[in-house]
Amino acid sequence: MRHLIDIKDLSIQEIDELIKVANDIIAHPDKYSEKCHNKKLATLFFEPSTRTRLSFEAAMMELGGNVIGFSSASSSSTAKGESVSDTIRTVGCYSDIIAMRHPKEGAPLVASIKSTVPIINAGDGGHNHPTQTLTDLLTIYREKQRLDNLTIGLCGDLKFGRTVHSLVTAMSQYKNIKFVLISPEELKIPEYLKEGVLEKNNIEYIQTDSIEDSIAKLDILYMTRVQRERFFNEEDYLRLKDYYILDKEKLKNAKDDLCIMHPLPRVNEISTEVDDDPRAAYFRQVRYGKYIRMALILKLLEIE
Ligand code: CP
């Protein structure tokens with residue numbers, strides 16, 4: 001039985017295969033509409049979500065399966081003090097696969113040890129978000145027709161932004177990837193990623209706090225929200241929350257084929273005036289999230 005807890009649980013060949021299946025689902029959705037007949041997905045969200053939970057649920061429905069679950073810890077027996085392990089053992093009696101989001105880093109890993117069905121990490125604290133990364137990789141592939149030879153700007157909260165951590169880990173496996181890490185001093189990428197992923201794999205990167213100085217060389221600009229829920233004090237959040245706001249003016253020097261991404265939700269970091277720019281890929285990115293999750297469900301349930 002396979003789980004997806006960390007993007008490193010998948011080899012580069014498996015990621016490429018998932019992207020291939022997702023592309024086939026986009027081209028031939030009817031072929032897949034009964035693949036999960038009689039299967040049930042449980043979505044256990046101990047933390048808020050719009051895209052991840054609903055795209056998982058839509059994915060299972062489009063595969064012909066059913067969905068059960070809860071969307072907040074307060075509406076489950078967690079509120080009565082039940083442990084993650086007991087919740088998982090219980091839900092495994094009712095479902096074939098579980099997608100789980102939890103505010104505590106490592107909670108999905110703990111769940112996977114006790115689980116009788118595959119567990120998918122749908123985001124754990126400020127740690128990882130592997131299915132967002134699969135979404136991001138499919139988006140990059142469809143927008144740029146490649147996953148190598150790219151200069152990728154990551155901008156905003158690189159410290160707490162779990163989607164950034166998983167994306168850096170995944171993209172570092174492809175050839176000739178360069179990163180421009182754009183953040184204020186307080187929100188720099190964690191040392192464990194700098195040393196353990198970027199430097200270990202000899203990936204070229206620069207750190208800067210200026211979006212204007214670096215935008216012209218980027219193929220991808222990945223904007224992120226400052227993660228209010230991970231801050232220890234509100235004052236720091238208020239000081240940093242509007243540090244970067246991407247607008248038409250800042251895009252003046254960008255490449256014509258720049259791909260602008262954002263895992264969403266957005267707060268202020270991309271002005272809505274950018275939404276109609278053909279380079280703004282973030283709502284296409286949302287759509288791709290459903291297809292890659294369909295491919296992932298099929299893989300973990302070992303359905304051809
Ligand atoms: N990108 C993402 O994880 O969005 P949600 O928090 O809405 O699921």
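Trainee: Which residues surround the ligand?

Mentor: The ligand is surrounded by Ser-49, Thr-50, Arg-51, Thr-52, Arg-101, His-129, Gln-132, Pro-263 and Leu-264, where a residue is near a molecule if one of its heavy atoms lies within 4 Å of it. This is a predicted model, in which local features need pLDDT of at least 70, side-chain atom pairs count only at pLDDT 80 or more, and totals for chains, interfaces and linings use all residues. Residues are numbered from 1 along each chain as its sequence is written, and side-chain values use heavy atoms, with hydrogens and water left out.

Trainee: How many of the shell residues are nonpolar, polar and charged?

Mentor: The shell around the ligand has 2 nonpolar, 5 polar and 2 charged residues.

Trainee: What lies 2.8 Å from a nitrogen atom of the ligand?

Mentor: A backbone N or O atom of Pro-263 does. A polar backbone atom of Leu-264 is 2.9 Å from a ligand nitrogen, and a polar side-chain atom of Gln-132 lies 3.0 Å from a ligand nitrogen. The protein buries 91% of the 260 Å² that the ligand exposes when taken alone (Shrake-Rupley method, 1.4 Å probe).

Trainee: Changing topic, which domains does the chain have?

Mentor: The assignment, which is automatic or from a database, gives domain 1 (7–128 + 289–300) and domain 2 (130–286). Their contact takes 31 residues from domain 1 and 26 residues from domain 2, contact meaning heavy atoms within 4.5 Å. The C-alpha centres of domain 1 and domain 2 are 25 Å apart.

Trainee: And where is the ligand relative to them?

Mentor: The ligand lies between domain 1 and domain 2, because both give residues to the shell around it.

Definitions and conventions:
A polar contact is a pair of N or O atoms within 3.5 Å; within protein, one must be able to donate a hydrogen and the other to accept it, and residues adjacent in sequence count only if both atoms are side-chain atoms. Ala, Val, Leu, Ile, Met, Phe, Trp, Tyr, Cys and Pro count as nonpolar, Asp, Glu, Lys and Arg as charged, and the others, Gly among them, as polar.
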